[in-house]
Amino acid sequence: TLRRSFRKSFRKVRGAGKKTNQPESAYANDEYQEGLSQFQVKNRRRESVRVKKLSGGRAGLEKEIKKKISLEESVCLGSAKLISASKCESQVLEASKTLMLGCTRIESMKTELGLIARSDWSNLPRSRLAEVSLSDLRIPLAWKQRDHISDLGDNKKFAVFCIIRSGTQVYDTSLINIDRSVADLAFSDILGFSNLPADFDIKVEVYSHCISGGLLGTPKSWIRKLKSKIVTNQKSKSSSKVASFDMLAEISLTVDDANDTVECHNLDKADNIPAAKEDQLPQLFGQICCRLAVSPYCNQEPIMTGNLAVSWPESEIVVSGCFARLMNWKLEIWTSAAQFRRGEQPWKVVRIDSMSLVREMGDKFCVENEREEHADFICDTVEEMSSWVEEILNHIEDYSKWNKAAIDQMEVLSPNMKKEMGVKKLRQKTKSKLMMLYDRISSSDLQGMNMERNDTIVRRSSRYP
């Protein structure tokens with residue numbers, strides 16, 4: 001009877017494996033993943049716009065955070081119900097990822113509420129903040145040599161995704177499935193962050209979950225499947241459905257890492273990975289490639305505008321009724337507001353950078369730069385002059401803080417844009433003995449063989465001049 005039940009369970013599991021590998025099921029799964037990916041992109045775009053338009057000061061922010069916590073708690077509850085009702089492995093993985101993301105968002109928002117309650121929270125004006133986009137995310141893999149040479153037969157696959165967060169803005173990438181034929185992790189997602197200060201810190205965390213083996217799997221996996229079918233009941237199965245993701249590595253990106261092109265950064269490997277579990281996780285090369293674009297709002301939006309009069313030292317000439325605009329690290333002057341409205345070029349431009357020197361004299365001030373004409377700007381009142389000087393000094397300070405983002409104009413991508421990133425596949429293995437020998441030879445061995453060959457050629461050439 002035991003042998004008969006074993007055979008019956010074997011046929012049932014094998015039949016279920018055949019059903020999941022039918023073309024209709026694969027097509028439905030791909031369609032589900034495509035629809036889910038589109039929904040996640042739209043959701044990120046909506047969340048980015050919501051954070052960008054958030055206003056109302058401390059009270060408004062506190063009210064918005066509490067509302068968002070209540071929403072995330074509902075999402076976590078719905079994800080838990082979806083996990084218990086799911087019958088497809090991909091749905092369980094996506095729901096588990098959503099549950100993990102919701103918990104992370106709740107934790108970050110509660111931390112932010114604590115800062116607001118302790119008054120350890122600064123509300124900087126929009127002109128001193130920036131929008132940031134993270135894209136072209138690619139993480140090289142470093143499979144062990146035995147994974148390519150020997151045919152392990154377990155057809156092990158991994159589900160990998162990233163959580164990217166800064167403050168209360170927490171986003172996730174799409175969930176991708178990889179195996180040993182994949183050379184790197186490529187995420188086509190574009191993550192957008194709004195209202196970030198110059199000292200922002202964007203944390204990227206890489207998570208992985210080991211998917212069960214292929215159709216046949218290993219003998220150990222068969223034993224685990226049979227035990228789970230015979231021993232566990234429905235209640236224990238529903239609780240064990242939640243997929244646990246292990247953090248592989250993390251990295252913190254700051255404004256110093258900003259660039260308009262894709263750059264490579266070093267990953268910090270997670271310290272809490274048990275040695276026995278390392279074989280159940282994909283091996284990372286230790287680096288991450290991404291494009292971090294930063295654009296301060298003051299590059300496109302005016303910080304301050306108003307009327308000024310312009311005069312020159314040791315001269316009685318005064319040009320009154322001028323229109324001034326402080327924006328994009330420049331103080332631009334038009335002779336009249338009508339010229340500005342017509343879109344004409346400014347009459348005078350004063351550079352604002354870390355080397356600029358501001359002097360105030362009564363109701364007028366000046367901005368001194370090397371190799372620039374000196375001019376005084378006269379205001380109607382002393383209070384107006386103080387406002388101009390304060391904004392210019394803040395602009396000079398921000399120039400040093402934003403670093404490269406103030407010098408270079410970077411294009412910040414929108415989350416609703418779609419970037420196609422191809423997945424690099426490793427060369428397929430072959431049964432040829434020559435190619436298997438080639439797979440066993442490392443690059444250092446090839447380099448040594450090439451050096452020996454070159455020495456032989458040099459010796460022969462010196463022997464026969």
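## Contacts and overall make-up

Among the contacts in the protein with a separation of 6 or more, 70% are accounted for by residues 24 or more positions apart. This is a predicted model, in which the protein has 12 helices and 18 strands.

## Confidence of the model

The pLDDT averages 79 over the protein, and 68% of the residues score at least 70. Over residues 16-23, however, the pLDDT is below 50, and this stretch has 5 contacts in the model beyond near neighbours in sequence. Residues 214-219 also have a pLDDT that stays under 50, and for them the model has 13 contacts beyond four places in sequence. Where pLDDT is low, the predicted coordinates should not be read in detail.

## Helix H4

Helix H4, made up of 29 residues (89-117), reaches 42 Å from its first C-alpha to its last, which is close to the 42 Å expected at 1.5 Å a residue. After H4 comes Ser119, whose phi is positive, near 60 degrees.

## The largest nonpolar core

In soluble globular proteins, nonpolar side chains tend to be buried together. Here the largest nonpolar core has 71 residues, of which Leu185, Leu331, Phe365 and Trp402 touch the most other members. Helix H9 (residues 382-402) gives the most to this core, with 7 residues.

Trp402, when its neighbours within four places in sequence are left aside, is in contact with residues including Arg128, Leu129 and Ala130, with Leu196, Pro197, Ala198 and Phe200, and also with Val255, Val294, Pro296 and Trp329.

## Aromatic pairs

The structure holds 10 aromatic pairs. One of them joins Phe323 and Trp334 in a tilted arrangement, with 6.3 Å centre to centre and 50 degrees between the planes. Because Phe323 lies in strand E13 (residues 318-327) and Trp334 in strand E14 (residues 330-334), the pair ties together parts that are 11 residues apart in sequence. Phe323 and Trp334 are both buried.

A further tilted pair is formed by Phe365 and Phe377, at 5.5 Å centre to centre and with 35 degrees between the planes. Phe365 belongs to strand E17 (residues 364-368) and Phe377 to strand E18 (residues 376-378), so this pair ties together parts that are 12 residues apart in sequence. Both phenylalanines, Phe365 and Phe377, are buried, and Phe365 is also one of the residues that touch the most other members of the largest nonpolar core. Elsewhere, ring pairs link Phe161, Tyr207 and Phe245 into a cluster.

Definitions and conventions
Residues numbered from 1 in each chain as written. Predicted model: local features only at pLDDT ≥ 70, side-chain atom pairs only at ≥ 80, totals over all residues. Heavy atoms only, no water. Helix = DSSP H or I, 4+ residues; strand = E, 2+ residues; numbered from the N terminus. Contact = heavy atoms within 4.5 Å. Expected span 1.5 Å × (residues − 1). Core = buried A, V, L, I, M, F, W, Y, C linked by side-chain atoms within 4.5 Å. Buried < 20%, exposed > 50% of the residue type's maximum accessible area, 1.4 Å probe, protein only. pLDDT = per-residue confidence, 0-100. Phe/Tyr/Trp six-rings, centres within 6.5 Å; stacked < 30°, edge-to-face > 60°.
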